[in-house]
Each structure stands twice: as C-alpha cells, then as structure tokens.
Amino acid sequence: MDFNGKVVIITGASSGIGAGTAKYLAKLGASLVLTGRNEESLQQTGKDCEAVGKVKPLLVVADVTKEEDNARVIDETVKKFGKLDVLVNNAGKGVGGSIESTSMSQFDDCMNTNLRGVFHLTQLAVPYLIKSKGNIVNVSSVAGTRSFPNVLAYCISKAALDQFTRCVALELAPKGVRVNSVNPAVIVTEFHKRLGMDDPSYQAYLKRSEETHALGRVGTTAEVAAAIAFLAADTASFITGTNLCVDGGKNVMCPR
C-alpha cells in the first residue's frame, strides 16, 4: 500500500488505535493531520510519526464535540496541504451502565463524541473528499454489531455509527467517495482502564477474553491500523459501505 501524496486526518490520534494508525500510515508515506485533546500525548504521537515517515505531521489539538474545533481541523488541513484524501474518524469514548444506571449526561457525552462529532466533521470534510475522490474510515466496534450488557450507551452509539457508515456510503458513492468502518473487539489499549478497571482487573479481563475470541487472543493496535490502511488504500477501490470486523472472531463467537 502506498500513501505517498495522500493527506489523511486521524481524530483521537493521541493514544490507542488512533496513535497506532498514525504510525502505520506514516510508514506508508501519508501526510498526516493528527488531532486529539491531550496535547502532550499528541506531541508524542507526532514525534513517533516523524521518526518513521516522510512528512512532518500537522498536529491540531481539538475536541470533536466542539463544532469550532472541527471547522479548525478542516481549515488548517486545507491551508497546509491544499486537499484532503482520507478521513479516519477514530475519536471515541466508552461508558459503563445499563438502562437503570446510565444518566442522561453520560448518554449525551457518549453520543456527542462517538456519533455527533463524527457526523459534523464528516459533513465538513465531504466537499474536499469529493474533489479528491477520497474516502472515510470510521472506527466502530463489535459493540455495534453485537449486544453486550452494562455498556448500553456505548453499544447504541456504535450501532448508530455503523448505520451512519452505510447510509453515507450510499449517498456519496455516486460522487466517487467510499465510506467504510472497522469494528474491533478487544484491543490492548488504555480504553478499559479509562472505564474504571484497575490493572489486576484488566489483566483478568484480557485472560478471559482469550475464551471469547475465536482466535484465542486479543488484538493489537497495529492489526486494526492495517485494516484501516487497507480500506483507505486505492487498492480497496471497490469496497464501500462495509463494516469490517477486526475482532479475532468475537463477532461470530457471541451467539455461543
């Protein structure tokens, strides 16, 4: 895969899948625009990309829930690179809770990041993606394709994101813009710790996950990044509207 000359925005690039994808695409020659809320972590991702890439990344400290930040991301991208080829909507957050315990503020916070922010940034990016015949990759979850207890708001947000992916793919296909998603299962990041797991609980969760993934292990950020790169590359030019499970078989294990 060759991303030389391709301008790629990655949201939530300060950690986890976003940071892993940034480094992966940097090695493939992409000109990167990296966004995130944590400036220190974003700077570190930028340094990692600069060490392996050909073009120094543009770093934009931004929050996808803020409309003015999304507008600034697009404006600064076009100002620096003159175009946009790929939008990777990766920024997201989780929240625990059931229908009995999830507050409306928790629900709104989750939806604002995982869906509303994606909707708005995509809306702003579309005119430039039409010009470049570019594409979009949304980072969803196996929680969008399967049901899990006690993460209700998160599951709803990702299921909605999958439908968003399919609907926008249909709308933009006549204009030459492809839209797909990746749907990871358990990937080793700080995601679950941010939900409140301490280290012993997280290690126990990873061990248990060996039984809930058909391949007998959890995944890595590099494996998700490879799937994102595949969907974003020109070689995937006949793929759109796809929700690609990068999940070690967890999606097909769920009925069991």
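Predicted model: local features only at pLDDT ≥ 70, side-chain atom pairs only at ≥ 80, totals over all residues.

A: Residues are numbered from 1 along each chain as its sequence is written, and side-chain values use heavy atoms, with hydrogens and water left out.

Q: How many helices and strands does the protein chain have?
A: The protein chain has nine helices and seven strands. Helices (H or I, at least four residues) and strands (E, at least two) are DSSP runs, numbered from the N terminus.

Q: How much of the contacts comes from residues 24 or more positions apart?
A: Such pairs account for 72% of the contacts with a separation of 6 or more, where contact means heavy atoms within 4.5 Å.

Q: What about charges?
A: The chain has 28 positive and 25 negative side chains, and the centres of the two sets lie 5 Å apart. Lys and Arg count as positive and Asp and Glu as negative, while His and the chain ends are not counted. The place of a charge is taken as NZ of Lys, CZ of Arg, CG of Asp or CD of Glu.

Q: Now to single residues. Is cysteine 110 buried or exposed?
A: Cysteine 110 is buried, because its relative accessible area is 1%. This residue lies in helix α4, residues 104-132.

Q: Which residues does it touch, beyond its neighbours within four places in sequence?
A: Cysteine 110 is in contact with Lys93, Val95, Leu115, Ala153, Tyr154 and Ser157.

Q: Where is serine 14 found?
A: Serine 14 is in the loop between β1 (7-10) and α1. At 16% relative accessibility, serine 14 counts as buried. Not counting residues up to four places away in sequence, its contacts include Thr35, Gly36 and Asn38.

Q: Turning to backbone angles, what is the phi of lysine 133?
A: Lysine 133 has a positive phi of about 55 degrees although it is not a glycine. This lysine sits in the loop between α4 and β5 (135-139), and lysine 133 counts as exposed at 53% relative accessibility.

Q: And the phi of asparagine 150?
A: For asparagine 150, phi is near 70 degrees, a positive value in a residue other than glycine. Asparagine 150 belongs to the loop between β5 and α5 (152-172). With a relative accessible area of 53%, asparagine 150 is exposed.

Q: Lastly, where does lysine 27 lie?
A: Lysine 27 lies in helix α1, residues 16-27, and counts as exposed at 60% relative accessibility. The C-alpha atoms of lysine 27 and valine 55 are separated by 10.0 Å, the two residues being 28 residues apart along the chain.

Note on methods. Buried < 20%, exposed > 50% of the residue type's maximum accessible area, 1.4 Å probe, protein only.
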